[in-house]
Amino acid sequence: EIELCGGAICVRQPEDDRGDINLNGVTNEISDAVLFSRYFIEGDGVWDPIWYMVQVQATDVNNDGVPLTVADLVYLIRIITGDEMPFPSDEGNPKVSPYAGQADAIVKVSNGNVSVTTNSAVDLGGALFVFRYSGMGVGEAVASDAAANMVVKSRSARGELRVLVAPNMADLGTIEAGTHEIVTIPTSGAGTIDLVEVQLADARGAMLTSNMAKISPPKSYALMQNYPNPFNAGTVIRFDLSQESDWTLQVYNITGQVVRTF
């Protein structure tokens, strides 16, 4: 806000609209969470073009200085359900430290399905996955068992698929720490699909440093050298198959006798 005061031009600090994402004068309500959830699926088109920057700043619900993150949505839901308190608007209030922890998102493409697995040392409270795809059809994301108590929403348009995983307000579901498949996405056609953006938040509403990896099916059959070699107690024998099928692996001794069959 700019005004004349005492012969000078004064720039007044704008009001703290944190949590009032729809700018209706009521902070941290369900309608704010609904609008914010739509942003992750539909993009910037959900904001009022006149009040765009005000709404964006209002999304820093967890007070970490980073707006428009899935961690803000997690914290907002926790406020609505009474599990957390809003941060005060007073200057000098504490900041949540973003990106202090780490988590991995691993994408596997196989047999007409895309699956996303997360690996985290802490419970996860929410996630956003953005894919780019070409030459194929994609269906709606489906929650896996580990995310059965979460809300999963997805939308595909113009070669982009956006998948939001958020807490269920009924029971504030989380994804337990460890390695878990989170969502699966059916696909059709022989095109390509890649994960281009990921956001992961812990169960308390703090952003995690997110790492991405992709596992694609092998293009042909291959039998790799065992490791370690030589070995004593055990060894690993890796082989690739271009498609899922039954297989038999036989181990021979130096005289040509079969000593073990898998």
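This is a predicted model: local features need pLDDT of at least 70, side-chain atom pairs count only at pLDDT 80 or more; totals for chains, interfaces and linings use all residues.

Visitor: What volume does the largest cavity have?
Guide: About 30 Å³, a volume being the space filled by probe spheres set on the points, with grid points joined across faces, edges and corners.

Visitor: Which residues line the largest cavity?
Guide: V74, R78, G125, P167, L172, G173, T174 and A203, where lining means having an atom within 4 Å of a point. By class that lining has four nonpolar, three polar and one charged residues; Pro counts as nonpolar and Gly as polar in this scheme.

Visitor: Change of topic. Which members of the largest nonpolar core touch the most others?
Guide: Of its 29 residues, I21, F36, Y39, F40, W47, L73 and L164 do. Such a core is a set of buried Ala, Val, Leu, Ile, Met, Phe, Trp, Tyr and Cys residues joined through side-chain atoms within 4.5 Å, and buried means under 20% relative accessible area with a 1.4 Å probe, protein chains only.

Visitor: Which element gives the most to this core?
Guide: α3 does, with eight residues. Helices (H or I, at least four residues) and strands (E, at least two) are DSSP runs, numbered from the N terminus.

Visitor: And what else is there in the way of cores?
Guide: There is a second, separate core of 27 residues, including V107, I193, V198 and L208.

Visitor: Now β9. How many of its residues are buried?
Guide: Seven of its eight.

Visitor: Which strands does β9 pair with?
Guide: β9 pairs antiparallel with β5 over six bridges, and antiparallel with β8 (residues 150–157) over eight bridges. Pairing requires that DSSP finds at least two bridges between two strands. F129 stands opposite V163 in β9, and M150 opposite P167.

Visitor: What's in the turn of the β8 and β9 hairpin?
Guide: Two residues lie between the strands, and R158 in the turn has a positive phi of about 50°.

Key: Residues are numbered from 1 along each chain as its sequence is written. Side-chain values use heavy atoms; hydrogens and water are left out. Buried means under 20% relative accessible area, exposed over 50%, partly exposed in between (1.4 Å probe, protein chains only). On a 1 Å grid over the protein atoms alone, a cavity is a set of points where a 1.4 Å probe fits but cannot get out, and a pocket is an open set with protein on both sides within 12 Å along at least five of seven lines; lining residues have an atom within 4 Å of a point.
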